[in-house]
Amino acid sequence: MSAVLDLSNVRKTYGALNALDGLDLTLPDNAYVALLGPSGSGKTTLLRVIAGFETPDAGSLTFKGNRIEGVAPHRRDIGFVFQNFALFPHLSVAKNIAFGLEHRDIDPVTDPKILHTRVKDMVALVGLDGLEERAVTQISGGQRQRVALARTLITEPSLVLLDEPLGALDANLRGRMRLELRAIRERCGVTFLHVTGSESEALAMGDLVLVLDQGKIAQAADADTVYNQPKSPAVARFLNCYNLFDGTLSGNGFVNPLATFPLGGAIPRQSGQPGYAIRYDRIAVRPLDEAVANDEVRLEATFVADEYSGAAINSFFALDDGRVFEVESHLSQTVPAALQPQSRYALVWKRDDALVYA
Ligand code: ADP
Ligand code: MG
């Protein structure tokens, strides 16, 4: 697979803050790439550097084989869909979409007939038929999102940057727009770089998922690999489906302030940061007096509350250091027994199900 964009050792500092700290990244051609990072991790900064709105302090950007550090934003052939859509409120849907094409620096389109055809194609592509003459103030959030996308796509960029594009939509619409965005991208055949703070969105949408941590890409892999084999405790934390413990490896155990967890046969992953992670849905809740098998790990905790979410129940426990420990039971597999709040239980998992980091 050839690369459309390659960033090498990119740095961007704001005073003492390293927003991008020697970041390397490669985006494949014709792919949906999701970039996951918590708020403040540098996602917008990264997009702004790629688009050319920010100048990096160091590093190289290679786009379609050419260095672009010195190229002005409007000459980069890179589209940007802003977080708040940034539409012109006084213009209609059609005029908003046409704007980018009429006013682009290279090869602007002014012939009304050509413009009309191009806008019509875009309207159809993003599913806005019949709304062309509406004011953008009189359409829904999801429709505004489509206008913002169409306005970018009409200029036929080779790469489209989307800054938390679904963040302003309600949950229902967000689900539908996930599928829509993937379908639209497939029809255009260009790479989308979609940044998000939502792990479920990143995992559901990305052919390739990048995880941003401390100004660097901590992991770049398909969703399944990121979810099942996070490269570091930090990546596991962002996924919101692992209980994490700090501690140290010693002999055949992971020593943390609460207990020493015996290890299975797996070799600890080198990550530069020791840690122990066990997935929410790999844990059984048992009465205190039930026996533990040779290949299991056991930890006692106090049940606090649970939360029903359709397909699963998430149960929350208080560990003896006060931290919360979460267990997810999928209802298709077992109906968990009712737990008594403030009672003690044994949390049990297989040694081999844990991810151990050295
Ligand atoms: P994200 O989009 O992931 O929430 P940002 O890229 O907006 O993160 O910001 C990353 C960090 O850089 C934050 O700590 C933010 O406060 C800081 N930052 C962003 N832009 C500026 C700026 N223009 N001046 C100073 N600090 C900034
Ligand atoms: Mg941002």
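Which element gives the most to the shell around ligand 1? Keep that in mind while we set up. You're looking at a predicted model, where local features need pLDDT of at least 70, side-chain atom pairs count only at pLDDT 80 or more, and totals for chains, interfaces and linings use all residues. Residues are numbered from 1 along each chain as its sequence is written, chains are lettered from A and ligands numbered from 1 in the order in which they are written, and side-chain values use heavy atoms, with hydrogens and water left out.

**Stop one: ligand 1**

Select ligand 1, then bring up the residues around it: Y14, L17, A19, P38, S39, G40, S41, G42, K43, T44 and T45. A residue makes this list if one of its heavy atoms lies within 4 Å of the ligand. Sorted by type, that shell holds 4 nonpolar, 6 polar and 1 charged. Here Ala, Val, Leu, Ile, Met, Phe, Trp, Tyr, Cys and Pro count as nonpolar, Asp, Glu, Lys and Arg as charged, and the others, Gly among them, as polar.

Now zoom in on the backbone. A polar backbone atom of S41 sits 3.2 Å from an oxygen atom of ligand 1. For G42, a backbone N or O atom is 3.0 Å from a ligand oxygen, and for K43 a polar backbone atom is 2.9 Å from one. Of the 560 Å² of accessible area that ligand 1 has on its own, the protein covers 59% (Shrake-Rupley method, 1.4 Å probe).

Next, colour β2 (17-28) and α1 (43-51), the elements that give two or more residues to the shell. Helices (H or I, at least four residues) and strands (E, at least two) are DSSP runs, numbered from the N terminus. And the opening answer: α1 gives the most, with 3 residues.

**Stop two: the helices**

Select α2 (residues 93-102) and α4 (residues 141-153): they pack at about 30 degrees, axes 7 Å apart. Axes are lines fitted to C-alpha atoms, for helices over the stretch in contact, and angles run from 0 to 180 degrees between N-to-C directions. So α2 is roughly parallel to α4 (angles under 35 degrees).

Note on methods
Polar contact = N/O pair within 3.5 Å; in protein donor to acceptor, adjacent residues only side chain to side chain. Parallel < 35°, antiparallel > 145°, perpendicular 65-115°, else oblique.
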